[in-house]
Every structure is written in C-alpha cells, then in structure tokens.
Amino acid sequence: MRLVGRRSSRVAVLAVLAVAATSCATSQQPVGEEAAFLERRQSAAENDIQVAVAVPSAAESKRLFGVNLYARDIQPVWLEIDNQSAQPVWFLPASVDPQYLTPLEVAASFGAGKPGGQLERALQEKSMGLFIGPGSKREGFVFSSLDEGTKAFLVDVLGVEQELTSFAFFVPVPGLRVDHREIDFASLHTDEQLRQYDETQLREALEVLTCCTSDKKGKRSGDPLNLVVIGYPEDLYRAFLRAGWDETETIYRGSLWKTAKSFIASGRYRYSPVSALYVDGRGQDVALQKARDTIHERNHLRLWMTPMRLNSQPVWIGQISRDIGVRFTKRTITTHKIDPDVDEARNYLLQDLWYAQSLGRYAFVKGNSEAPRTEPRSNLTGDPYFSDGLRAVMWVSGDPVDMEEVEFLEWENPPPK
C-alpha cells in the first residue's frame, strides 16, 4: 500500500457524492467475542474530530462476517468517527483504500444469492456510513485490499467548507510472523556500547565501517553495505510503509510453502522470507521488500541497527539489491539472482522515499572500494555486482516531508554514468 501525506482539498463533487450516500444503513457495534479486535484500537483527534480504528485478523474477520474475507484478499477496517463540531462532516472511504469494495461487491465475490440475502444484509449493516452529523458518532467497516503484517492507511474527513482533516494510521495485524517483531531494539546494545556522534564524526565513522555483509562465520564476503538509514524504529517503519514497502515473514514451514507455491506458479508473495546475511556476526534486524509482478522480481533490503547515534537517533547500516530472478539451492533453500548494478537499487530507494514524502535529508559517503563493471565482485551466492563504492545516507521521517524541503548534504557526489 502506498500511503502519502496530507492531501489538498477535494473538489465539490466529493461532498455531493457523500450527501447522496447518507441513506446507508447505520452500522452496528460488534459485541462479545466478535469485539476482541477492538482491544487493539488506535485513536487520534484533530479539529473537533476524533477517529478510532482497528483491523481484525483473518480469524476475527471470519467470526464477524461468517465468510473468509482474507481468502478473497479482502480486509475489513473498522472505524469510529466522533464529530464533536457544530457542522456535519463526510468520511471519504477512498482515503483508506482507493480500490475499496462495496458491501454488495464483497457479497458478490462469494457468489451470494439474490439481492437482500443474509450475507449481503450483514455486510451492509456493518459497513461504515459516510455522513456524520454535528455532535454525533458513527462506526462501521470499510472493505479494503488485504495488507498483512501492518496496515497503513489514511482516514480523511471532509467538512462543509471543503476543510479536510486527515489522520494516518499504522496498525499491526495479527497472523503474519514478521521478522522485526522478534527484536527488542531497546536492549540490542548496552549503554556502554552506544556512541554519540555529530555529523562530521558520523561521516568519518561511516567511511571505515565494514564494506560488506558476510556469511554466519564471517569468512566469506557477501553483498555490499550500500545504504545508511538514520531514524527511530517507529519512524523507519512509517517511512517505508508509506512508500509501499512490505515487511518480511520469518522462515518457517508455512512461509516456505507459500514461497514454493509462488515460485512454481510465478505468483506474487509480498512477504516472502529473506535469507540471513550477517554484519559483525549478527543477522539482519529488519528485512523489507517491494514485490513486483512475481516472486522472481522484487526489491529487497536488510538493515542492522548499529550502536552509533546521531542526536540520539539510531544509525542503521544496510544492503539493498534488485532481484531479477529466483532459484532453489541446497545451501540456502531459495535465493534470488540480483541485478549486477547495485548502485541502481540504492538510487531507486532514495527516489522512492523522496516521492513518498518519507525523506528528510540525504547524502552520499564513501564506504567501499569501487568495483568496476569490467571487474565485478560476487556475493555469497555467486552473483556478480559492480558499484561506485558509495553509500546513500538517508534521514527518514515518520511524518510527511514536502519534496522541495528535502535537504542534500554534499559529502560525496556519485560519478556520472
């Protein structure tokens, strides 16, 4: 999912459409066991508007609606909008998902019978209405595309004078075994290990960091460490999720089976496991990926939180490459063939975060000796790569940053290609 920043005011036609939809049935609050997912609700308030959201898991959704929505790649998102202002407002469901489904559309995907059937009525009764009168509250579900791991979305509320109030949410969804949730970042490094740097000191330290990833024993060099990310874990996740990156499942029987099915059918597995690479004897703390049409093609990256701090913010060293194929091996189970131009993948990430308004500042720093196209190096699986030897340094932001406000620090300039 691509989650962008605060949007400009909608044109008047949106208000007209919202008024036309005020005849929707009033939704009903889940009760009993059905309401367990509400214990994970998140809320935010602004301009006399309070919004609460929650996302049920696959099992919870089945209990709520009596059908397996997740199996159809449909994910219900529960919302409650409390309009404490003196004017009516309209909820814009396209803010949650521009390709949201209507209750009738969801019912049709299950082959529901004639109009007005039991499933159709249940979906309509529990759906979220658009009109919220002054001093009133409304709640219900929007039926969105499936996002496992963490659901990132906006909730936009439009006032009578085109005033738009926008809320951003990042909601963990039970069910996906996400790798980074097993890491306790607060205790990853001791107080004695932490080192505070200013920008000049940080630049010097980044230039002498190890050049590459390695195998578990540290005896063989792997992919180059070609990126640095600066930011707190929460800001890092928000920045990448806003840019449409997906989390990664741990390697276990279920994820390997899904990987195998996607491999055989050339399907798309957004959360496919990433094999471990090592820095200072430690496997990656976070792996993220952006899948393309099939499992054979994706961009993926690995990040390690270092003990370095800049203005108390963690400094992460990382590796990114662009996958252009996949194969099974005896040693690593599955592996991807990478695009040899690893600088292109590095530069892509910089652009991607910029366009997603997730980037505050950036720079380039020396960090590896050059690997010319005519004399490429190889990673652990034997794929060749070439590079100018620079690392991209990116200050990420959990809140949207206007593109023209992004700052470039002239530490190094990549050579023209």
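This is a predicted model: local features need pLDDT of at least 70, side-chain atom pairs count only at pLDDT 80 or more; totals for chains, interfaces and linings use all residues.
**The whole chain**

Begin with the protein chain coloured by secondary structure, which comes to 8 helices and 24 strands; helices (H or I, at least four residues) and strands (E, at least two) are DSSP runs, numbered from the N terminus. Of the 417 residues, 53% are buried, where buried means under 20% relative accessible area, exposed over 50%, and partly exposed in between (1.4 Å probe, protein chains only). Switching to a surface view, the chain exposes about 19,200 Å², of which carbon and sulfur atoms supply 50%; accessible areas come from the Shrake-Rupley method with a 1.4 Å probe, and for residues only the protein chains shown count as cover. Among contacts with a separation of 6 or more, 70% are between residues 24 or more positions apart, a contact being heavy atoms within 4.5 Å.

**The sheet around strand S7**

Select S5, S4, S7 and S8 next, since in that order these 4 strands form an open sheet with antiparallel pairing; two strands pair if DSSP finds at least two bridges between them. The edges are S5 (131-132) and S8 (164-172), each with a single partner strand, so one side of each has no neighbour in the sheet. Inspect the pairing of S4 (residues 89-92) with S7, which is antiparallel over 4 bridges, and find Trp90 opposite Leu158 in S7. Lys151 also belongs to S7 (residues 150-159); Lys151 is buried, with a relative accessible area of 0%, and its side chain makes a polar contact of 2.8 Å with that of Ser144. A polar contact is a pair of N or O atoms within 3.5 Å; within protein, one must be able to donate a hydrogen and the other to accept it, and residues adjacent in sequence count only if both atoms are side-chain atoms.

**The largest nonpolar core**

Now select Leu349 and Met394, which touch the most other members of the 30-residue largest nonpolar core. Such a core is a set of buried Ala, Val, Leu, Ile, Met, Phe, Trp, Tyr and Cys residues joined through side-chain atoms within 4.5 Å. Elements giving two or more residues to this core include strand S12 (227-230), helix H6 (233-242), H8, S20 and S23. A second, separate core of 23 residues includes Val55, Val89, Phe91 and Leu146. Returning to Met394 and leaving aside neighbours within four places in sequence, its contacts include Leu227, Ile230, Leu349, Leu353, Leu359 and Tyr362.

Follow helix H8 (342-355) from end to end: at 1.5 Å a residue, its 14 residues should span 20 Å, and its end C-alpha atoms are 20 Å apart, which agrees. That expected span is 1.5 Å times one less than the number of residues. Among the buried residues of H8 are Val342, Arg346, Leu349, Leu350 and Leu353. Just after the helix, Gln357 takes a positive phi of about 60°.

Move to Leu288 in strand S16, buried at a relative accessible area of 2%. Not counting residues up to four places away in sequence, Leu288 touches residues including Leu236, Phe240, Trp245 and His300.

Asp280, in the loop between S14 (278-279) and S15 (282-283), has a positive phi near 55° and counts as exposed at 75% relative accessibility. Ser312, in the loop between S17 (298-310) and S18 (313-329), has a positive phi of about 70° and is partly exposed at 44%.

Methods. Residues are numbered from 1 along each chain as its sequence is written. Side-chain values use heavy atoms; hydrogens and water are left out.
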